[in-house]
Each structure stands twice: as structure tokens, then as C-alpha cells.
Amino acid sequence: MGTGGEQRRRQMYDAELGDAVERAQRGDKDAFAVAYRMVQPGLLGYVRGLVGDDAEDVTSDAWLEIARDLGRFRGDGAGFRGWTAMIARHRALDHLRKLKRRPRTALIEQDVLQLPGSHDTAAAALETLSTRAALEIIGTLPREQAEAVLLRVVVGLDGPAAARVLGKRVGAVRTSSYRGLKRLAEQLSWGGGTGAVTNGARRTLSDEA
């Protein structure tokens, strides 16, 4: 799908999500379930990249906080995705601190609207992989790039939203995301897809100090 088609698809997705969130804030439990189903896959994938096998428990804790504070959220569907990612990230970092382990870092860097062709190549390639295979490949990136790519490809945030989640400037996020996606494209090209992932590369963002 071209850039224009992808943008329209994202806009439709966020419009549907925003509507569900508004109805959920008025007490519609079914609407909250819709919002959960739309956001949960990407959110879980993002948290899995941060904490590995503990992702489901951490994400569940995040959803408890999301449900509790839903009435305080202000924004549209895209804003809700960013807000939930920020909450999930805080819960993931809390979890890692309890384990006395340090995450590979806060990594976001991207403004996807301006990324050159290598972004499209890497993103398209990753879409053909299973979620776990994609996370394994992302896990081989330097820590300054991996979370940027997670937020871009797995959660689907744009540059400003990713920068807010990570507390970084949009320009820095743009650079990290571009470099990470370029490296992914090179790995996929050299390794012939999922074959580029080796057992030695399988790690979470918390495994590297």
C-alpha cells in the first residue's frame, strides 16, 4: 500500500478509535472493549520489546491504570495510542527497576512523515514477519534505535507522539528511527528475511546496559 493509502487507513483507524474512546468515557463498556482490542496488539508488542516474557503482566497493569484514568484523557484516537504507550512504558520501567535491571534505554527517534525510501522498505518487510520474529530483529538494533522503531512500526505512533512518550526532541527521534529502519532493511536484505535473526540476537531491551 502506498504512503497515501497507508495514511488514509491510519486516519480511519484513529477516527474509529477516537469514537470508541469518547463513548467509553461516557460509560459505554462495550466501547472500551473496542478500544482495548484496537490498541492491545501493538501495545503488547511494544512492552514485549521492553520486558520480554513479562509483557502480558506489565500490559495488564497498564490497562488497569488506563481504565482508572480514562476520564482524564483528552485527545483523539492518535493521542490515545500515544497516551497508552506512555503509561505502558512507565509500567515497564517500574517493572525493570523492581527487578534491578536497567532497560536498554529510552529510544525514540523519528518523524515518519519525512522518512526516505528505506523506511518504507523496512516497514513493509517487517509487516510480512510474525510479531515475534519482528521483535527479534528489532532487538538486534542499538538501544538508541530499537524503541524508536518499536513505537513507529509496532505501536504506529508518528514522530511527535513518539517523542512525547520518550521525552525527547522530535529531531532526535527522527534520526534514531531513520537509522534503525535503515539497518533493519539492510539486515533483511542480507539475511533473507527471518534468517537474519540468530539465537544470539534474541534479547529484550532490558538485556543491554
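Predicted model: local features only at pLDDT ≥ 70, side-chain atom pairs only at ≥ 80, totals over all residues.

Visitor: What caps the N-terminal end of H2?

Guide: Asp 28 does: one of its side-chain oxygens lies 3.0 Å from the backbone nitrogen of Asp 30.

Visitor: Where in H2 is the kink?

Guide: The kink lies at Gln 40, shortly before the proline Pro 41, in a helix that covers residues 29-51. Its angle is about 45°.

Visitor: Why is Asp 14 called buried?

Guide: Buried means under 20% relative accessible area. Asp 14 has 12% relative accessibility, so it counts as buried. Asp 14 belongs to helix H1, residues 3-25. Leaving aside neighbours within four places in sequence, Asp 14 is in contact with Gly 77, Ala 78 and Arg 81.

Visitor: What makes H4 roughly parallel to H8?

Guide: The axes of H4 (residues 77-98) and H8 (residues 159-166) cross at roughly 25° and come within 9 Å. Angles under 35 degrees count as roughly parallel, and therefore H4 is roughly parallel to H8.

Visitor: Which residues make that contact between H4 and H8?

Guide: H4 contributes Gly 82, Ala 85, Met 86 and Arg 89, while H8 contributes Arg 164, Val 165 and Leu 166. The crossing of these two helices, H4 and H8, is right-handed.

Definitions and conventions:
Residues numbered from 1 in each chain as written. Heavy atoms only, no water. Bend = angle between axes of the 7 residues up to and from the residue. Helix = DSSP H or I, 4+ residues; strand = E, 2+ residues; numbered from the N terminus. Polar contact = N/O pair within 3.5 Å; in protein donor to acceptor, adjacent residues only side chain to side chain. Buried < 20%, exposed > 50% of the residue type's maximum accessible area, 1.4 Å probe, protein only. Contact = heavy atoms within 4.5 Å. Axes fitted to C-alpha atoms, helices over the stretch in contact; angles between N-to-C directions. Parallel < 35°, antiparallel > 145°, perpendicular 65-115°, else oblique. Left-handed = near helix turned anticlockwise from the far one by under 90°.
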